[in-house]
Amino acid sequence: MRNTGPITVRKLHPLFGAEISGIDITRPLSAREFGPIRAAFEEHSVLVFRDQPMDDDKQIEFSENFGPLETTLSANPAAGTKFARQSNLDINTGEPIPSDDIRMIYQKANYFWHSDSSFKRIPSLCSVLATRICPPEGGNTEFCSMRAAWDALPPALRATVGPMIAEHALVYSRNRVQPGILSAKSLAEYPPVRQRMYRDNPINGRRALYIGAHCGHIEGLPKPMSDALLHELTWRATRPEFTLSHAWREGDVIVWDNRAVLHRATAYDAVKHKRLMQRTTVAGDAPTVPQ
Ligand code: OGA
Ligand code: MN
């Protein structure tokens with residue numbers, strides 16, 4: 001593939017998502033080459049690139065076109081690097097981790113719809129997930145358009161939710177898998193933060209509902225009311241018409257907009273098959289509300 005001519009954008013779903021072809025993203029891109037990719041990202045929220053075999057250095061270089069990268073939190077096996085490792089393989093031995101190992105259980109939090117880093121004071125802009133090893137079946141990653149979700153809320157509900165502020169924390173998503181699974185160190189590292197209930201795209205003004213598995217409580221509401229409202233927003237948002245499922249092939253790279261979509265992992269046979277995905281996360285530039 002050569003970087004001559006414009007990129008090709010093929011829509012993946014009526015509401016969001018696009019496959020981008022006609023460009024090699026494994027080598028340095030000029031500002032002129034990156035411009036249309038960034039524009040497609042702002043428009044389509046999920047960009048799928050195929051046949052782009054990445055290594056760690058190439059992935060960092062591509063990701064940095066979107067902005068500075070986050071450093072990975074201590075709970076991930078790749079702590080302290082620019083990578084969040086999603087894998088059933090031990091980082092030191094490369095051998096499959098037993099399914100009842102705490103590291104495999106911890107990863108199950110990814111099965112809940114979420115927005116990466118929404119538990120940070122400054123939440124992320126986007127994530128870049130690239131294959132290293134793919135199972136032959138299963139392990140799809142799914143996306144859900146939070147712009148479609150926002151637009152589909154009944155107007156009265158939208159007006160109620162608009163001014164609300166939610167509390168997000170890593171402990172909320174981890175406790176969904178196994179209460180108490182988060183270490184004291186991780187608990188202290190990421191105290192709860194405040195987030196607005198929506199995020200606006202600064203280029204096109206599109207508003208997206210901002211919830212997900214790290215979102216645990218709406219400020220000012222008694223717990224039962226908050227739980228009920230978050231449950232209602234989640235089922236309204238994650239209806240099948242608003243979602244897109246990606247079956248990974250080796251060489252795939254996906255960029256998703258954490259301001260505009262939720263995503264989740266799905267199951268695969270982690271005893272029989274190997275899966276190794278590397279994620280880089282591009283930092284956001286401001287809190288969504290004063291803390
Ligand atoms: C992630 C994530 C899903 C998957 O990398 O942030 O949620 O399918 N991954 O591995
Ligand atoms: Mn994720």
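On a 1 Å grid over the protein atoms alone, a pocket is an open set of points with protein on both sides within 12 Å along at least five of seven lines, while a cavity is a set of points where a 1.4 Å probe fits but cannot get out; lining residues have an atom within 4 Å of a point. Grid points are joined across faces, edges and corners, and a volume is the space filled by probe spheres set on the points.

The model is predicted, and local features need pLDDT of at least 70, side-chain atom pairs count only at pLDDT 80 or more, and totals for chains, interfaces and linings use all residues. Residues are numbered from 1 along each chain as its sequence is written, chains are lettered from A and ligands numbered from 1 in the order in which they are written, and side-chain values use heavy atoms, with hydrogens and water left out.

The pLDDT is the predictor's confidence in each residue, from 0 to 100. It averages 95 over the protein, and 98% of the residues score at least 70.

Begin with the second largest pocket, which holds about 480 Å³ of space. It has 22 lining residues, and Arg 176, Gly 212, Cys 215, Leu 230 and Thr 234 are those nearest its centre. Helices (H or I, at least four residues) and strands (E, at least two) are DSSP runs, numbered from the N terminus. Helix 8 contributes the most to this lining, with 6 residues. Helix 6, strand 11 and strand 14 are among the elements that each supply at least two.

The largest pocket has a volume of about 590 Å³. Of its 40 lining residues, Ala 75, Asn 76, Pro 77, Tyr 106 and Arg 174 are the closest to its centre. Strand 4, helix 3, helix 6 and strand 15 each give two or more residues to the lining. By class, the lining of the largest pocket has 16 nonpolar, 15 polar and 9 charged residues. Here Ala, Val, Leu, Ile, Met, Phe, Trp, Tyr, Cys and Pro count as nonpolar, Asp, Glu, Lys and Arg as charged, and the others, Gly among them, as polar.

The residues that line the largest cavity include Arg 147, Asp 200, Asn 201 and Asp 257.

What surrounds ligand 1? The residues near it (a heavy atom within 4 Å) include His 114, Asp 116, Trp 256 and His 263. Polar contacts are pairs of N or O atoms within 3.5 Å. A polar side-chain atom of Thr 141 lies 2.6 Å from an oxygen atom of ligand 1, one of Arg 275 lies 2.8 Å from an oxygen atom of the ligand, and one of Gln 86 lies 2.9 Å from such an atom. The protein covers 99% of the 290 Å² of accessible area (Shrake-Rupley method, 1.4 Å probe) that ligand 1 has on its own.

Terms used. A polar contact is a pair of N or O atoms within 3.5 Å; within protein, one must be able to donate a hydrogen and the other to accept it, and residues adjacent in sequence count only if both atoms are side-chain atoms.
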